[in-house]
Protein chains: 2
Amino acid sequence: MNTSDVNSYATSHAPPRPRVVIVGCGFGGLEATRTLARTDVEITLIDRTNHHLFQPLLYQVATAGLAAPAISAPIRHILRKQMQQGRLTVLLGEVVAIEAAARAVVLNDGVRIPYDHLIVATGATHSYFGRDEWARYAPGLKTLADAFDLRNRVLKAFEKAERYPEDRQDWMSFAVIGGGPTGVEMAGTMAEIAHHTLYDEFRRIDSRQARVLLIEGADRILGSYPPELSERARHQLEKLKVEVCTGCRVIGIDAEGVTVQPAEGEPYQLRARTVVWAAGVAGSPLGKSLQAATGATLDRAGRVLVEPDLSLPGHPEIHVIGDLATAKSYPKQGEPTPVPGVSPSAKQMGRHAAANIQRRLRGEATRPFHYIDYGSLATIGRKAAVAQVDLPLLGTVRFSGYPAWLFWLFVHIYFLIGFRNRLMVLTDWAWAYWTFQRNARVVVEPAQAAATVPPAPLETPR
Amino acid sequence: MNTSDVNSYATSHAPPRPRVVIVGCGFGGLEATRTLARTDVEITLIDRTNHHLFQPLLYQVATAGLAAPAISAPIRHILRKQMQQGRLTVLLGEVVAIEAAARAVVLNDGVRIPYDHLIVATGATHSYFGRDEWARYAPGLKTLADAFDLRNRVLKAFEKAERYPEDRQDWMSFAVIGGGPTGVEMAGTMAEIAHHTLYDEFRRIDSRQARVLLIEGADRILGSYPPELSERARHQLEKLKVEVCTGCRVIGIDAEGVTVQPAEGEPYQLRARTVVWAAGVAGSPLGKSLQAATGATLDRAGRVLVEPDLSLPGHPEIHVIGDLATAKSYPKQGEPTPVPGVSPSAKQMGRHAAANIQRRLRGEATRPFHYIDYGSLATIGRKAAVAQVDLPLLGTVRFSGYPAWLFWLFVHIYFLIGFRNRLMVLTDWAWAYWTFQRNARVVVEPAQAAATVPPAPLETPR
């Protein structure tokens, strides 16, 4: 019964409207949906959560700077106009397999949804490079649940330090693995928490004694940025008292801390009870399903190799976009270049895949994807950031410090979903800026819910 | 080691300072701490969470109206001045037993903390009247974890209704058990969500077809209010399309719905996939420990009977306050009256117990508790509330509807902890009022955190 019903989502309005299924409502899937909804097609958008997440600010939730609702908007609300136009159906569900031959996706409850065109945009998850046993000691940061888990760990570490003197320094040591933008943001913000937010709130510890380590395997942080900006970022991190260890390959993680192999010399252990994983990403598990169904090629990180037009080899009806795809950008002239895994590229791929589907529906040829790079931007902490912007006439401009931080602030608020969230984030940040306070310092143990069932009293129901 | 260290919290500054241990940082514990901190004592405040929760607005988090940080403030932050004065230590921990003879409390990690004076303020939890098997079908609302669980259930019920036509009406039926202030608030707000927030966001269902049932065993809702206000509340709920079933005793709850026994006639089932428990409260489990340690008497709901001065019979050094206590109010003249389980009474008991400890330290006699009742206030939904206020000269004033709602709004914002939260809540409510939107519609599955560990790719660490 479910099957017939949910198939009817895609079929009831189907003939003659082409059925487009879009899996994942991140930056790529959302843009693709918005673009395609202008055409007369029947779109089914499937996501395993009910909200679009503004991932660039997820670290702010993990560090108690923002509440979850400030960076997540209900998918149904964002897209309600498209739904009222009768072209879009939104489904809360998880796609577990893709049947390319039958042209259908399979949900975790067994329901099959057929498609004429498919866009897979399920993004990336963190990768432990085959050492999944590290996951429990060094959680990554991809979902709101991850952010809550990390927020609990960080805040509770200071509580443990206050309680247990013998482990004090270990509880007050925090290691961030991976010197990319996320790792740099996490390390900078954790240093802020220790030095500004908590410094006057304990009896036995001085939170300013906390150690924040940023561990990077390469010889510099922000490896995708120009060396000049990496240098400035390192300098600004060190001003925030973050210890930056570059050239340190992580070879072990356990409850005690992180074991690293320096460029030369013996491996040694960096003791830290709280470890954050910001090192590796891998394509979402759905990539494997695509490989099985279509023979698509995956790169070492499990991302799907796509054609210049973002479709799968031999399957022009299937597009893969965003972090799940290893795509190349094809400029008017010159060699194709790899597309970076950032939100602007996901959005551009979403629009491009949608446009190519529209072209095929008009019987036109699809076009190769061309990524327009507006520059790079990474924040480090209060008044600290690095930026490289490509301007039409001025060419490439690089700047850092306070101006870069202000620029980062307004770019992120501008791109936030919905005026409401912009307002929330702006007030939260204004407050945090003036008071140094972070207002989302809530530790919630999911277990509590069960714990509240009391021993049965003798009273009888009214 | 832990023991010695944590004991040192209470002992290191001890001689000659008396050691006061306060368990629980709800309204009662917080007020007691603030009052006692003005005296030269060594206070240890223990709570199992890191935040003080503004429970009167918890239903707003459960119904996606407010984000958790808006109604919870870090205990360390609220009390940082008292800590800097060196009179207060805040501990994150759960007290599992009280050793009255040894004058010490025992934490869940086995640590013992000795006291000269003890204030127990661990409040209440929900009670299923001995039918704990109902808990999984009808969760209650006492902690933030409860609120997140309920928010997930309500939002997902509409998603299920959209997906599964055969169960549509059951998924779109919501039952609230218990017609007290919490139940009335929950039912009214759920009706608002169905009729205003979600009505244009689905393809297969009209959320306005949702059924919201309020089930009360007594013959009227808001039983602790004058009948006149109960009648007005019922009228306002029915205007919001809530079906109010009074005189319906609940005799069964399962995955299908609620079985009720009407005043006369046969029992029947009210089908609803989402059921909320707002019926019974019971004293926190620590009451049993007090009973075992001191022979204290518990009432049928597991609340501790206290002396007129809020101390335990035979144990003048132990005070029990707030929802965990069955206290009486002793007016200057006239008979003692029972103290209601509301936040103003918890605050007043906290101040009174603190004052009595100060009196004993000065060698004075303790005084009986006198509860000052400023009136009753319950909100029903948008522009709907009932109020009874006792004014110095005018006497008792009763009003309802829009004025009562405005009054409720400002009273609650006024009593919120901290300017920051007042600002957050005010902007959130202003927004919700003008747009009918609720901005905390985030479904987060704790399981997601685990689910994000990917199949191991072949890449090696940098």
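Reply: The crossing of α2(B) and α11(B) is right-handed; that label is used if the near helix is turned clockwise from the far one by less than a right angle, while anticlockwise makes a crossing left-handed. On the α2(B) side, the contact (heavy atoms within 4.5 Å) uses B:F27, B:G28, B:E31, B:A32, B:T35 and B:L36. Their partners on α11(B) include B:S343, B:A346, B:G350 and B:A354. The two axes, running through residues 27-36 and 343-361 of chain B, come within 7 Å and cross at roughly 35 degrees. Axes here are lines fitted to C-alpha atoms over the stretch in contact, and angles run from 0 to 180 degrees between N-to-C directions. Helices (H or I, at least four residues) and strands (E, at least two) are DSSP runs, numbered from the N terminus.

Keep in mind that this is a predicted model, where local features need pLDDT of at least 70 and side-chain atom pairs need 80 or more, while totals for chains, interfaces and linings use all residues. Residues count from 1 along each chain as its sequence is written, chains are lettered from A and ligands numbered from 1 in written order, and side-chain values use heavy atoms, leaving out hydrogens and water.

Most residues other than glycine have a negative phi. B:L222, though, isn't a glycine and has a positive phi of about 50 degrees. B:L222 sits in the loop between β12 (211-215) and α9 (227-239), and it counts as buried because its relative accessibility is 1%. (Buried means under 20% relative accessible area, exposed over 50%, partly exposed in between, with a 1.4 Å probe and protein chains only.) B:K241, in the loop between α9 and β13 (242-245), also isn't a glycine and has a positive phi, near 70 degrees. At 54% relative accessible area, B:K241 is exposed.

Now hop over to chain A. A:D146 lies in helix α6 (residues 144-163) and is buried, at 3%. A:D146 and A:Y59 are 87 residues apart in sequence, yet 9.8 Å apart in space, C-alpha to C-alpha.

Last stop, a surface spot: A:L426, in helix α13 (residues 419-435), is partly exposed at 40%.
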